[in-house]
Amino acid sequence: KIEAVGAEIAYQENVENSALADCINTYAADGYDVIILSTNSYEETAASITPDYPDTQFITINGSVTKDNVTSYAVADEDQGFMQGAICTVLSANQKVGFVGAMEITPILNGRTGFEQGAKYINPDVEINAVMTGSFTDVAAAKETSKAMIDAGVDAIAPMCDNAALGVDEAAEEGGIVAVASGEGQESVAPNAVVCAVIKDTSLVYERAFQDYLDGKLTGDTGIVKLGAQDGVVYLSDWYDGAANVSDDAKAQITAAYDALASGEVSVDLG
């Protein structure tokens, strides 16, 4: 999307913190005007380097620092969690819903908070079972965690644990319960369980950040820019085949919850 507006782009993937300084130095020396750091885990390492390149604009995704030539853009993980919680609650016959997160880091913790508030937005008395597995990649652990929830009566579940989410969806499929995916494609492993996904399109954040740069909006006092449902960054997928038995009334209730979130009528309180 950035390239489409005429920019020359380059990127590197799977960059460890130990290699970050070399990456930044190379890009800055080659004359790149904007360097985007894809995670807040890069902030500490980058902090000692960014002052060396005052004419380069640095953008951190999910960061917490905005000063001089560094601006942070945060994704509203809590909005994704809110809708996952709301959908699970609407579709839960037992009114027992589950959230399986990965590590206890800010984005996932925000997602859990959103899930809890979204569930209670639909039913203040809903029973919520939220567990962190400690891993984004351990599919087996996520599956076992989900199976334990199902054994305890949870009949609608949502993951926020990257690749490990596949374990959550598989457990839902095998257990005959509802799952609400955290991204596209998860329905392929659980076609009968996954009814829809709550999409968090981070590409829109990159696009917005670059456009703000072009518009001269990035200054030392910009503040952290958070984007979510109100900005179209968090949205609902179409209904999947697994939603064949979801009633029109339930779908309407879910759409109304999203509209309330996207309009700002309701929001997640992160405390």
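Predicted model: local features only at pLDDT ≥ 70, side-chain atom pairs only at ≥ 80, totals over all residues.
## Helix packing

Two packed helices are described by the angle between their axes and the distance between the axes.

| Helix pair | Axis distance | Crossing angle |
|---|---|---|
| α3 and α8 | within 10 Å | roughly 160° |
| α3 and α4 | 6 Å | about 35° |
| α5 and α6 | within 7 Å | roughly 40° |

Helix α3 covers residues 77–91 and helix α8 covers residues 248–263, and their axes cross at roughly 160°. Because of that angle, α3 is roughly antiparallel to α8, and the crossing in which α3 passes α8 is right-handed. On the side of α3, the contact is made by Asp 79, Phe 82, Met 83, Ala 86, Ile 87, Val 90 and Leu 91, while α8 contributes Ala 250, Gln 253, Ile 254, Ala 257, Tyr 258 and Leu 261. Sorted by class, the residues of this contact between α3 and α8 are eleven nonpolar, one polar and one charged.

Helix α3 also packs against α4, at an angle of about 35° and with the two axes 6 Å apart, and the crossing of α3 and α4 is right-handed. The residues of α3 that take part in this contact include Gly 81, Phe 82, Gly 85, Ala 86, Cys 88 and Thr 89, and among those of α4 are Asn 110, Gly 111, Gly 114, Phe 115, Gly 118 and Ile 122. The contact of α3 with α4 divides into nine nonpolar, nine polar and two charged residues.

The axes of helix α5 (residues 139–151) and helix α6 come within 7 Å and cross at roughly 40°, and α5 and α6 are therefore oblique to each other.

## Two residues of helix α3

Is Gln 80 buried or exposed? Gln 80, which lies in helix α3, counts as buried because its relative accessibility is 1%, and the cut-off for buried is under 20%. The side chain of Gln 80 reaches the backbone oxygen of Val 198 at 2.9 Å. If its neighbours within four places in sequence are left aside, Gln 80 is in contact with Met 160, Ser 182, Val 198, Ile 199, Lys 200 and Val 234.

Cys 88 also lies in helix α3, and Cys 88 is buried, with a relative accessible area of 0%. Beyond its neighbours within four places in sequence, Cys 88 is in contact with Val 97, Phe 115, Ala 156, Ile 157, Ala 158 and Val 180.

## Residues outside the helices

Asn 62 is found in the loop between β2 (57–61) and β3 (70–75), and its phi is near 60°, a positive value in a residue other than glycine. Asn 62 is partly exposed, with a relative accessible area of 23%. Asp 162, in the loop between β6 (156–160) and α6 (165–175), has a positive phi as well, near 50°, but Asp 162 counts as exposed, at 54% relative accessibility.

A further loop residue, Asn 123, sits between α4 (106–122) and β5 (127–132). At 19% relative accessibility, Asn 123 counts as buried, and, apart from its neighbours within four places in sequence, Asn 123 is in contact with Thr 89 and Gln 95.

Finally, Gln 12 belongs to the segment before α1 (17–29) and is partly exposed, with a relative accessible area of 46%. Leaving aside its neighbours within four places in sequence, Gln 12 is in contact with Cys 23 and Tyr 27. The C-alpha atom of Gln 12 is separated by 34 Å from that of Val 195, which is 183 residues away along the chain.

Definitions and conventions. Residues numbered from 1 in each chain as written. Heavy atoms only, no water. Axes fitted to C-alpha atoms, helices over the stretch in contact; angles between N-to-C directions. Helix = DSSP H or I, 4+ residues; strand = E, 2+ residues; numbered from the N terminus. Parallel < 35°, antiparallel > 145°, perpendicular 65-115°, else oblique. Left-handed = near helix turned anticlockwise from the far one by under 90°. Contact = heavy atoms within 4.5 Å. Nonpolar A, V, L, I, M, F, W, Y, C, P; charged D, E, K, R; others polar. Buried < 20%, exposed > 50% of the residue type's maximum accessible area, 1.4 Å probe, protein only. Polar contact = N/O pair within 3.5 Å; in protein donor to acceptor, adjacent residues only side chain to side chain.
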